[in-house]
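Hi,

Here is the structure I promised to pass on.

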Amino acid sequence: MDSLSPVLAGFDVVLEPVNLLYCLIGVVIGMLIGVLPGLGPAATIAILLPLTFTLEPVTAIIMLAGIFYGAQYGGTITSVLLRLPGEASSVVTVFDGYALTRQGRAGTALGIAAIGSFVGGTVSIVVLSIVAPIVAGFALDFGPPEYTALALLGILLVATVGNGGRIKAVVAACLGLLLATVGRDGFVSAERFTFESLSLADGLDFVPLAMGLFGLAEILYALEERHRAVHAPAKVTNVWPSRADLRQAGGAIGRGSIIGFVLGVLPGGGAVLASLTAYAIEKRRSRTPERFGQGAVEGVAAPETANNAAATSSFIPLLTLGIPANATMAVIFGALLIQGVTPGPQLVTEHPELFWGVINSMYLGNVLLLIMSIPLVGVFVRILRVRPAILAPITVLITLVGAYTVNNSTFDIALVIAFGVLGYLMKKLGFDPGPLVLAFVLGSLLESSLRRSLLLFDGDPTGFFTRGISGTLLACFLAVALLPAARSVLGGRRRPATTPTIKEPV
Amino acid sequence: MSSDPAGRVPAAGSVTNVVTALVLVGLGAAAFAGSLALGVGSAARPGPGTWPMLVSGVLTGLGLVLLALARRTTDAERFHRSGLLVLGAVASMIVFVALIGTIGFEIPSAVLAFVWLRFLGGEGWRLSVVISLGTVAAFYLIFVGALSVPIPHLF
């Protein structure tokens, strides 16, 4: 088949020994940093971004895929062993994962999670390889008005589905959009909000922003929280799940893969929603639902499979539309841009080797994760036994020195510190930094699309609604934006607006 | 996790919420004024200030909404004494970035690691010295030796 040849050619590149080595390193250090309590995938990838800059683009992307999967699994290890989910989508894993740990079956939980993640990820990549080029073909016709509507809807969905108050999330998104305007205006050469600083003339760099808001902010927040220290985890033995466990979890893994893939495409909480749904479905289907929460193997397999499948399928909006669907994808988006890869509908037709390079490196990262995670679990558990007081300064130095290496500039270190403080304050005050980073990444696309559309429509904003796709997208945007506001005005007097929020590291 | 039954961080008082909202309103208003100064053009010919003006307008509006809701806000955490640790940490990093350009990364890194270990982490003197020196040595080997990153260094 003709359409398969670029796919297979991509594998030749990915399987070169150097690339295999970097993918392996990526998986290991992704798990290494991801296992540190409090650092979820977005933070881990942000901290490790500088490592990939000096490499060839293809090698760098492969290493990123390794870091991505390693960081995902690192969060699983902490939720099973310490009851500390690395991200919202691992929260349900805690129920049965930690129960298994208390029964001395932590190894089984981690092994099942690794196998489930592998299956879910693989199913998702296979479907993605088929679906992505089709979606990209459809999106080729998108013009500036469609992109304006799509970016607006993407930011709003991430802000409303995310954790924390939605007004605060939209505020964070506005801050991100404002920060994106700093620097030279792309249309006319006006300097905006640079305060006459030469370092700001080219705009704020994405990497120090992400490293500060995700990485350093988490470390500072954890520093203060240390008085609620976690206890060292028990020894982990017997990582290979027994055949009976596998048989019990098989159905959950299968269903989790499908649920994860479908829900993962949604912007915002795709992976969170997928893991919750997969868990709920398994519990409902089970003939013995009372086992759930007491250490049911399916209770670990279903959410872990689903969240990995969802994490993978959330690459679809990124690779086909150029719109990152969540905070982790925003970091990956920034990393790809630095490597000269602009995700979007043109990627698959104009740079097929890069497109398939990205996808094939995901296959590889996923396989290496399965191979590495099971034998290395013991090593990572030992890292968890090191006191956070010792790990924190080392992580900080990695972050600060890493930030310097991106542009060889001390200004970038200062930016990381400034955004670290901002991120810390945001977390304290109930603002999720995720929407800020996402809006920052999409800011210039959104602004330039809006300005081009206005030029196109000769200043008439109703033009957005007369085009089919942009009109539909904007109608969705208005519905998402206005419905909750209307509901709270109508029903606000009956109950106070206090919903419990789950705070977790990004 | 703050959602753990182990203990929720107490919510911040309404003063914190009011100050947060006021800072946002002030920031939005300042950005709005700045955008107007950049020139907003017209809808048909947007200027460099058009987009920032729209965004800062929304920001100011949402800041006012938060101000109105300040008494009912429960998702902010109270600042307590251990927040001083964060201040100390930030101070150590500012010293780090101020010194690294002139005297290289070795001494600032060792000092930063030592301060975090001994004073912020409450580790013992001997352990703090050993780990901070060991970390710098490892960084030197990795960044200068193996990767030859052009980070300013003394030796």
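Below is what I found, going from confidence to the chain contact and then to a couple of local spots.

First, keep in mind that this is a predicted model. Chain A comes out with a mean pLDDT of 84, and 92% of its residues reach 70 or more. Among the elements of chain A, the lowest mean pLDDT, 72, belongs to helix α1 (residues 5–14), while helix α18 (residues 410–428) has the highest, 94. One stretch to treat with care is residues 493–505 of chain A, where the pLDDT is below 50. That stretch still has 28 contacts in the model beyond near neighbours in sequence.

Next, the contact between the chains. Chain B puts in 59 residues and chain A puts in 55 residues. On the chain B side, the elements giving two or more residues are α1 (14–38), α2 (50–68), α3 (83–103), α4 (106–120) and α5 (125–146) of chain B. Which of them gives the largest share of that side? It is α3(B), with eleven residues. As for residue class, the side of chain B that touches chain A has 40 nonpolar, 15 polar and four charged residues.

Chain B itself is assigned two stretches as domains: domain 1 covers 14–72 and domain 2 covers 83–146. Taken over C-alpha atoms, the centres of domain 1 and domain 2 of chain B are 39 Å apart. For a residue-level view, take Ile142(B), which sits in helix α5 of chain B. Ile142(B) counts as partly exposed because it has 13 C-beta neighbours inside 10 Å.

Is α14(A) mostly covered or mostly open? Mostly covered: ten of its twelve residues are buried. Among the buried ones are Met329(A), Val331(A), Ile332(A), Phe333(A) and Leu336(A). The buried residues of α14(A) pack against α3 (41–53), α4 (57–82), α9 (206–224), α13 (315–321) and α19 (433–456) of chain A. After α14(A) comes Gly340(A), with a positive phi near 85°.

Cheers

Note on methods
Residues are numbered from 1 along each chain as its sequence is written. Chains are lettered from A and ligands numbered from 1 in the order in which they are written. This is a predicted model: local features need pLDDT of at least 70, side-chain atom pairs count only at pLDDT 80 or more; totals for chains, interfaces and linings use all residues. Two residues are in contact if their C-beta atoms, placed from the backbone, lie within 7 Å. Helices (H or I, at least four residues) and strands (E, at least two) are DSSP runs, numbered from the N terminus. Ala, Val, Leu, Ile, Met, Phe, Trp, Tyr, Cys and Pro count as nonpolar, Asp, Glu, Lys and Arg as charged, and the others, Gly among them, as polar. Domain bounds come from an automatic or database domain assignment. A residue is buried if 20 or more other C-beta atoms lie within 10 Å of its own, exposed if 12 or fewer, and partly exposed in between; C-beta atoms are placed from the backbone. pLDDT is the predictor's confidence in each residue, from 0 to 100.
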